[in-house]
Amino acid sequence: MNRWRRFAGLAAALTLGVLLAGCAVRPPAPEVSDDSVRLADWTPPAAPDAWQLNGRTSLQLGEQGATAALTWRQDQAAYRIDLRGALGAGSLRITGDADGVTVRTADGGRYRAESPRELVRAVTGYDLPVGFLRYWVTGQPVPWLEGRVTLDPAGRPGVICQGGWRVSYEAFESVGGFSLPGRVAVTRAETSVRMVVRHWSPGG
């Protein structure tokens, strides 16, 4: 199995998993607009601690890319992510918490590691950039990272820049008293993870 085929079987799912955890890697910061403010000077809107979303996600690495249907359940540090049709690899399930992460494939394969980054490197051979998507997907900055935010006219985040990543938001909707994004794009150079959320369920 060539490297891209091996990557294709798991990387889309693992990229989402790897974005759930932190990393010491600090790549160069992306450009931000002149009207951005420091995150330390901004109070983000409230977001639920537990939630579920359904939608689609895409991964792009240079000229290689793919999409998958997505169901993501998050309850503080614990999560379960189901991907269907990921790069033609069938279904994939990622489960994790503070103790580690497990990926199960449609053919019965099971991969376990203490951290998403470790698992990605072991299974795919790639040391992908690590972000903090569990916060960004709800329009929140990563609490312990410095950065900047550009606000939209309603005072919601339009762009958050942290850890070398640019997180762009569109199509917010009011759900259960929370304002949650319908489109999220996490990009840096030729790498991007994009999500279109069709349905939010605060509280899981």
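Is Asp41 buried or exposed? Asp41 counts as exposed, at 55% relative accessibility, where exposed means over 50% relative accessible area, buried under 20% and partly exposed in between (1.4 Å probe, protein chains only). That value comes from a predicted model, in which local features need pLDDT of at least 70 and side-chain atom pairs count only at pLDDT 80 or more, while totals for chains, interfaces and linings use all residues. Residues are numbered from 1 along each chain as its sequence is written, and side-chain values use heavy atoms, with hydrogens and water left out.

Now for the sheet. Strands here are DSSP runs of E with at least two residues, numbered from the N terminus (helices are runs of H or I with at least four), and two strands pair if DSSP finds at least two bridges between them.

Next come the charged side chains. The count is 5 salt bridges, a salt bridge being a side-chain nitrogen of Lys or Arg within 4 Å of a carboxyl oxygen of Asp or Glu. Asp41 takes part in one of them, meeting the side chain of Arg38 at 3.1 Å, N to O. Arg38 itself is partly exposed, with a relative accessible area of 45%.

Asp82 is another residue to look at. At 11% relative accessibility, Asp82 counts as buried. Its side chain meets that of Arg80 in a salt bridge of 3.2 Å, N to O, and Arg80 is partly exposed at 27% relative accessible area. Asp82 also forms a salt bridge with Arg93, the closest N and O atoms being 2.6 Å apart. This pair links distant parts of the chain, with Arg93 in strand S5 (residues 91-97) and Asp82 in strand S4 (residues 78-84), 11 residues apart. Arg93 counts as partly exposed, at 32% relative accessibility. Through shared partners, salt bridges join Arg73, Arg80, Asp82 and Arg93 into one network.
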